[in-house]
Amino acid sequence: MNTFGTVFLAALALATAARWWLASRHVGHVQAHRDSVPGAFANEISLDMHQKAADYTCAKTRLAMVGVAYDAAVLLALTFGGALQWLHEASAAWLPEGIGRGLLLLVLVGALMTLLELPFGLYRTFVIENRFGFNKMTPALYFLDFAKSIALAAAFGLPLGAVVLWLMAQAGEYWWLYAWLTWSAFNLFMVAVYPTWIAPLFNRFSPLQDAELKARVERLMARCGFKLKGLMVMDGSRRSTHGNAYFTGFGTSKRIVFFDTLLARLNPGEVEAVLAHELGHFKLRHVVKRMAWLFAASLAFLWLLGWLMQQPWFYVGLNVQSPSTAMALILFAIVLPQFTILLQPLGALLSRRHEFEADQYAAKHASAPDLVSALIKLYRDNATTLTPDPVHSAFYDSHPPAVARIARLQNA
């Protein structure tokens, strides 16, 4: 083991310990507050519902703790255990050197990682979600979705992988810049086609039919100066009782999507307030800002990969004796998260700031009390804990804690 191997082991140990510690803090804090509903919610959320949310949160977090240890073991097996080297040798035995062999190695590693993660997905869906009354999926539907996801990954991922491997081999010193341009264009393409090509493969979408609600929504969009392709309702109840709404697409494909479960729970004023929040994300250019940060970070990381793949110690330190462009991509993808863990709270902080800004936009263009009422219903019906651990929340949560969010809206 060289110096880089030692540094990687130290980074993996520290990242794993940090993730485990944060999760254990979260479980302890939620359990400590399980028997008392926060005062701001005492009139809307019963103690039974609060305790259900606490138990649901702890169940998910404990599974995540197992996943942290599991992922570390898998990473060690892939590198120091020799699994990646063995997969390289298998691909080399089947295909001559070139893009085809590189793609085969990527497929083998991707298939292995997917199979290793499958038990966690099954447990999460059919044990935890079932236990708390949220899951509506059958095993047949689950594996149909799984098969569709694999097919889409192959249809879009293999051509992209082939282009990137060709650029790495043939485009010279600045291949990383051309790969970044390719990756960025691919991401913009996926954002554009997701609402009309991909999402309908998994869910049914229909135009919003409620005449009163539709008229109310159209008045809101007129006030906000917003035009979009459509207001769609998604059959989320086919898979889960969780409710949500989201903004998707851009240009002529942009649309707002409501889960049917959300519309079943909220009154028209509350739906309008939730929509105003989603419009706020668009009007305040949050999506554009997040994509800009993502593209900037990816450019820096691809430059770093361009340098690392030329360093023999990068491969030797991770117990790989056969350097290649495909192996460099794989090693970089599995190693990077151990060194960038501190970027997680920065991203979460930016996301929470955007949520507060979208809330203020909704309070200005719709009704703050209606948004408060809608959020409380969503917290209750989705079993969202009202008492997350502050440190865990600051590190991971993309949305502000319920107490802080409601308090700020009530003072708007």
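Residues are termed buried under 20% relative accessible area, exposed over 50% and partly exposed in between (1.4 Å probe, protein chains only). The structure is a predicted model, in which local features need pLDDT of at least 70 and side-chain atom pairs count only at pLDDT 80 or more, while totals for chains, interfaces and linings use all residues. Residues are numbered from 1 along each chain as its sequence is written, and side-chain values use heavy atoms, with hydrogens and water left out.

Helices (H or I, at least four residues) and strands (E, at least two) are DSSP runs numbered from the N terminus. In helix 14, the buried residues are Ala368, Leu371, Val372, Ala374, Leu375, Ile376, Leu378, Tyr379 and Asp381. Their cover, assigned by contact (heavy atoms within 4.5 Å), includes helix 8 (260-265), helix 9 (268-283), helix 13 (343-365) and helix 16 (402-410). Just after helix 14, Ala383 adopts a positive phi of about 55°.

A nonpolar core is a set of buried Ala, Val, Leu, Ile, Met, Phe, Trp, Tyr and Cys residues joined through side-chain atoms within 4.5 Å. The largest such core has 44 residues, and those with the most contacts inside it are Phe41, Leu231, Phe258, Leu262, Leu275 and Leu279. The largest share of this core, eight residues, comes from helix 14. Apart from neighbours within four places in sequence, Leu279 is in contact with Leu220, Met221, Cys224, Phe226 and Tyr361. A second, separate core of 40 residues includes Val109, Leu160, Leu318 and Ala328.
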